Amino acid sequence: MTSDPIIDPERRAGTTRRTFIRRATTAAAGMSVPGLLAACGTTSPTTTGGGSKPAATGPGGLPLARPDHPVTLPIYADNKAIASGLTPEKGPLQLYNWEEYINTEVVKAFERKYGVKVQISTFNTIDEAVAKIASGTVQFDVFVPELVFLERLVVGKVLQPLNLSYVPNLKANVWPSLHSPWYDVGARYTVPYTIYTTGIGWRADKLPGFNPATMENPWSALWTEGPKISGKVGLLDDQHEGLAMGLLHNGVTDVNTEDPKLVNASKDALINLVNTANLKFDTNEYQHLADGSLWLHQAWSGDMASTPFYAPKGTKASVFRYWWPEDGKGPINNDTFAVLKGAKNPVLAHLFLNFLLDTKQVFNNFNFTYYQQPINAMTPEALVSGGVIAPNLKSTIIREAQFNNGLVQGPLSQGGEVLWENAWAAVKST
């Protein structure tokens with residue numbers, strides 16, 4: 001790739017998985033999915049060391065997992081991992097995934113290696129997926145649980161514990177910090193899939209000289225520039241991402257706070273932005289920045305990495321920029337893969353998880369999703385030198401040390417979910 005390539009219109013990324021997320025409308029719905037917790041009950045709330053005050057818990061009754069408060073998910077007597085050394089089933093393997101969230105070439109490579117077929121079923125919202133799984137009317141082998149749902153899926157015995165003897169690529173290829181992540185100590189139920197940051201994307205040709213890194217508080221960029229370019233500014237239509245941006249603008253780095261004063265202050269800041277910048281809400285920022293209808297946007301890293309391939313013919317890749325703090329102190333998150341309880345092909349499912357962590361397949365997958373996987377070999381330099389991403393979008397790819405400093409957007413308590421939902425509803429109704 002040259003330093004300032006012209007975009008080839010034939011090389012376009014597929015519609016990204018992030019397009020389909022509507023966390024603003026799914027967060028509350030997920031707490032009461034019929035059958036998910038009601039049928040199985042919840043765990044008893046964990047108490048603090050003194051034993052007098054319950055620790056903050058999620059809807060399933062387990063402590064809220066945080067990087068500084070790792071959680072070991074329980075394994076139940078009636079939901080054990082499969083034995084080691086079993087022969088793979090003949091399939092077909094049933095994968096339940098977001099739309100366009102895996103390269104079908106990777107799937108075909110798995111089929112060839114194991115002589116089986118993989119059938120992919122897709123969903124558009126996480127509540128739709130969880131409701132279908134919990135109903136028991138369909139049976140899948142592999143699923144992609146979000147961290148905000150992990151506790152509920154484990155307590156509801158929807159996921160099956162993993163036998164990591166079938167997944168050697170976890171320790172061989174994945175960042176060491178995610179061998180036993182804070183949200184699933186010991187990787188009892190999940191292996192990491194993609195990771196992503198949430199930062200600021202912009203058109204350098206439309207905003208010459210603009211760079212959030214030069215600002216005292218880069219997270220205030222939308223408020224600083226927005227009124228000057230009214231109607232050209234966008235925010236992700238995502239409850240947690242949107243309110244987190246308001247918190248960071250206000251100097252609050254706890255992006256999971258349940259303090260009503262802080263959440264409501266974020267709400268007020270966003271309402272002000274709506275009014276002064278004619279703010280647009282969407283989750284396809286890559287398209288709007290690509291076609292120039294918007295110039296400045298809160299953005300997901302994977303979407304920004306793919307943005308040049310949505311641009312009109314003749315557009316230079318160098319016009320697209322992405323900022324996320326180099327010290328890593330910005331919003332991060334990651335998705336996971338897991339095996340569902342009752343899977344008809346559990347051995348094959350484990351082998352599929354292992355295959356997705358193979359270094360060659362990870363790079364093949366990135367060529368379609370543009371979302372980074374936490375593999376040792378996937379560095380910013382490797383992707384730029386390989387001509388996969390534009391040099392000016394190198395910041396969309398991060399290192400393990402940066403990820404470990406990130407501001408994780410984790411699950412909230414039931415009260416916190418209601419607080420955030422109400423605040424976001426007020427923003428969207430402005």
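Let's start at Ala-129. Leaving aside neighbours within four places in sequence, Ala-129 is in contact with Tyr-96, Phe-123 and Phe-143. Contact here means heavy atoms within 4.5 Å. Ala-129 sits in helix α3, residues 126–135. Helices are DSSP runs of H or I with at least four residues, strands are runs of E with at least two, and both are numbered from the N terminus. Is Ala-129 buried or exposed? At 0% relative accessibility, Ala-129 counts as buried. Buried means under 20% relative accessible area, exposed means over 50%, and partly exposed is in between, with a 1.4 Å probe and protein chains only. The C-alpha atoms of Ala-129 and Pro-145 are separated by 9.4 Å, and these two are 16 residues apart along the chain.

A word on the model. It is predicted: local features need pLDDT of at least 70, side-chain atom pairs count only at pLDDT 80 or more, and totals for chains, interfaces and linings use all residues. Residues are numbered from 1 along each chain as its sequence is written, and side-chain values use heavy atoms, with hydrogens and water left out.

Now the overall picture. The protein has 15 helices and 11 strands. Of its 430 residues, 59% are buried. Take contacts between residues at least 6 apart in sequence: 77% of them join residues at least 24 apart.

Back to the two Phe residues. How many aromatic pairs does the structure hold? There are 20 aromatic pairs. Rings of Phe, Tyr and Trp (its six-membered ring) pair if their centres lie within 6.5 Å; planes under 30 degrees apart count as stacked, over 60 as edge-to-face and the rest as tilted.

Trp-98 is in strand β1 (93–98) and Phe-123 is in strand β2 (118–123), so the pair ties together parts 25 residues apart in sequence. Trp-98 is buried at 2% relative accessibility. Phe-123 is buried too, at 0%.

Phe-123 also pairs with Phe-143. That pair is tilted, 5.8 Å centre to centre, with 50° between the planes. Phe-143 belongs to strand β3 (142–143), so here the pair ties together parts 20 residues apart in sequence. Phe-143 is buried, at 0% relative accessibility.

Elsewhere, ring pairs link a cluster: Tyr-101, Phe-110, Tyr-114, Tyr-193, Phe-337, Phe-352 and Phe-355.

Helix α2 (104–114) and helix α11 (346–355) pack at about 125°, with axes 11 Å apart. Axes are lines fitted to C-alpha atoms, for helices over the stretch in contact, and angles run from 0 to 180 degrees between N-to-C directions. So α2 and α11 are oblique to each other. Angles under 35 degrees count as roughly parallel, over 145 as roughly antiparallel, 65 to 115 as roughly perpendicular and the rest as oblique. Which residues meet? From α2 come Val-106, Ala-109, Phe-110, Lys-113 and Tyr-114; from α11 come Leu-348, Leu-351, Phe-352 and Phe-355. By class, this contact of α2 with α11 has eight nonpolar, no polar and one charged residues. Nonpolar covers Ala, Val, Leu, Ile, Met, Phe, Trp, Tyr, Cys and Pro; charged covers Asp, Glu, Lys and Arg; the others, Gly among them, are polar.

Next, α8 (260–277) and α15 (414–428). Their packing angle is about 15°, and their axes are 9 Å apart. That makes α8 roughly parallel to α15. In α8, Pro-260, Val-263, Lys-267, Leu-270, Ile-271 and Val-274 meet Leu-419, Trp-420, Ala-423, Trp-424, Ala-426 and Val-427 in α15. The class count for α8 with α15 is 11 nonpolar, no polar and one charged.

Last, the backbone. Most residues other than glycine have a negative phi, and most peptide bonds are trans. Gly-91 and Pro-92 are joined by a cis peptide bond, with omega about 5°. Pro-92 lies in the loop between α1 (23–31) and β1. Glu-100 has a positive phi, near 55°. Glu-100 is in the loop between β1 and α2, and at 38% relative accessibility Glu-100 counts as partly exposed. Tyr-370 has a positive phi near 65°. Tyr-370 lies in the loop between α12 (359–369) and α13, and is buried at 2%.
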